[in-house]
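Let's walk through this complex together, one chain at a time and then across the interface. Keep the viewer open as you read.

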Amino acid sequence: MGRPDRGRTRAVSEDRRATARDEERLRWLMMAAVDGEISGDERVELEDALERAPELRNELEAFRRLKEVTDTMSPRRAPGETWDTYWEDVYRRLERGVAWILVSVSAIVLGTWGLWQVVRDLMADTALPPVIRWSVLALMAGLVILFVSVVRERLFVQKRDPYKDVVR
Amino acid sequence: MNGPEPTDRALVLRAQNGERAAFGELVTRYMERAYYAALGLVGVHEDALDLSQEAFARAFRARGRIDPDRPFFPWLYQIIRRLCFNHTRDRRSHRQKLERAGSWLADTTMGREAASPERETERAELREQVSRAIDRLEPREREVLVLREFQALKYREIAELLDIPIGTVMSRLYGARRALARELVEAGVVHVEGAAGDG
């Protein structure tokens with residue numbers, strides 16, 4: 001009982017795959033016909049397919065009408081002055097990119113150093129109650145953990161982001 | 001006296017040695033193509049300008065990875081499309097875009113034929129509808145449609161630019177046209193017996 005059923009199932013799924021391939025091929029031929037990239041043999045193949053499925057003629061006709069519409073349009077021209085300063089704008093971006101890196105790195109270094117100085121002075125100040133000194137230490141530890149956690153999350157997301165590369 | 005135009009390869013090699021002026025020549029050579037590629041993908045002048053310039057800036061920073069023996073523009077185009085896809089994926093920019101929505105398409109028949117004010121208004125509405133319908137397409141389908149319709153690339157050229165099989169180019173084009181035709185038939189812009197999008 002089981003074997004014939006399996007055989008029938010396989011035959012049905014092969015039929016479906018073949019149908020899907022035929023449909024895909026027909027779509028390609030319609031596109032090629034609309035864009036004038038169809039060969040003589042392909043045109044005959046398309047005509048045969050349209051004979052068998054006349055409802056597709058309407059679809060092909062709609063694509064042709066659409067093509068007529070889009071053929072009368074083009075992207076709006078950019079204002080002429082766009083090109084006069086284009087390279088200068090790119091150059092400014094490059095300069096600012098370097099500036100931002102310098103500012104960011106130096107800000108992190110100076111901020112960390114300043115914070116360390118403050119914490120060190122507070123910890124050395126014996127006049128402060130111990131609970132305050134320990135709170136400062138706990139605050140610093142918390143900030144470091146938060147920083148590490150955020151950086152790790154960013155790296156984790158970046159590594160697994162399906163859109164980080166071009167999606168084809 | 002001007003010598004022969006330096007090749008892309010020569011300019012890339014000079015840029016890789018840190019010569020910004022050489023990279024500037026590459027920018028000047030490809031800025032219009034880069035801008036219109038971005039415009040086709042995002043549909044807003046300011047965004048297309050910003051994204052295409054950002055693509056050049058990133059290309060300069062990554063110039064060490066350019067293979068001078070391969071064409072420069074397809075490599076740059078990969079950066080452009082990545083930036084544009086990320087941009088359109090960003091809901092905030094999408095919202096801003098809708099607020100600024102207007103047709104990014106122009107009429108190529110303008111000036112070639114005398115048209116009445118009514119006809120011009122009709123054409124403007126048509127452009128608006130077509131550009132909005134294109135804006136709603138799935139980004140990868142939109143990309144292929146724009147490259148075919150507005151940059152007049154052949155299937156083979158699109159396949160090479162995107163590094164995908166020609167069959168995939170045609171399938172995406174079919175998907176784009178089907179969605180576009182469905183919308184424009186429903187809007188009564190494209191007239192045909194039986195809608196393309198039926199079923």
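How many helices and strands are there in chain B? Chain B has nine helices and one strand, where helices (H or I, at least four residues) and strands (E, at least two) are DSSP runs numbered from the N terminus. Their order from the N terminus is α-α-α-α-α-β-α-α-α-α.

Before going further, a word on conventions. This is a predicted model, in which local features need pLDDT of at least 70 and side-chain atom pairs count only at pLDDT 80 or more, while totals for chains, interfaces and linings use all residues. Residues are numbered from 1 along each chain as its sequence is written, and chains are lettered from A and ligands numbered from 1 in the order in which they are written.

For the complex, the predictor reports an ipTM of 0.82 and a pTM of 0.77. Chain B has an average pLDDT of 87, and 86% of its residues score at least 70; pLDDT is the predictor's confidence in each residue, from 0 to 100. Residues 195-199 of chain B fall below 50, and this stretch has 15 contacts in the model beyond near neighbours in sequence. Two residues are in contact if their C-beta atoms, placed from the backbone, lie within 7 Å.

Stay with chain B for its packing. Of its 199 residues, 39% count as buried. Here a residue is buried if 20 or more other C-beta atoms (placed from the backbone) lie within 10 Å of its own, exposed if 12 or fewer, and partly exposed in between. Among contacts in chain B between residues at least 6 apart in sequence, 59% join residues at least 24 apart.

Some single residues are worth a click. B:Phe85 lies in helix α4 (residues 72-89) of chain B, and it counts as partly exposed because it has 18 C-beta neighbours inside 10 Å. Next come two loop residues. Most residues other than glycine have a negative phi. B:Ala152, in the loop between α7 (139-149) and α8 (155-162) of chain B, has a positive phi of about 50° although it is not a glycine. With 9 other C-beta atoms within 10 Å, B:Ala152 is exposed. B:Asp163, in the loop between α8 and α9 (166-186) of chain B, has a positive phi of about 60° and is not a glycine either. B:Asp163 is exposed, with 10 other C-beta atoms within 10 Å.

Now turn to chain A. It contains five helices and one strand, in the pattern α-α-α-β-α-α along the sequence. Its radius of gyration, taken over C-alpha atoms, is 34 Å, well over the 15 Å that the globule rule gives for 168 residues, so chain A is more spread out than a compact globule. That rule is 2.2 Å times the number of residues to the power 0.38. The C-alpha trace of chain A spans about 95 × 70 × 20 Å along its principal axes. Of the 168 residues of chain A, 11% count as buried.

Where do the chains meet? In all, 38 residues of chain A are in contact with 57 residues of chain B. On the chain A side, α1 (2-35), α3 (55-70), β1 (73-75) and α4 (86-124) each supply at least two residues, and α3(A) gives the most, with 10 residues. The strands also take part: β1(A) and strand β1 (residues 105-107) of chain B pair in the antiparallel sense over three bridges, pairing being defined as at least two DSSP bridges between two strands. Within this pair, A:Ser74 stands opposite B:Ala106.
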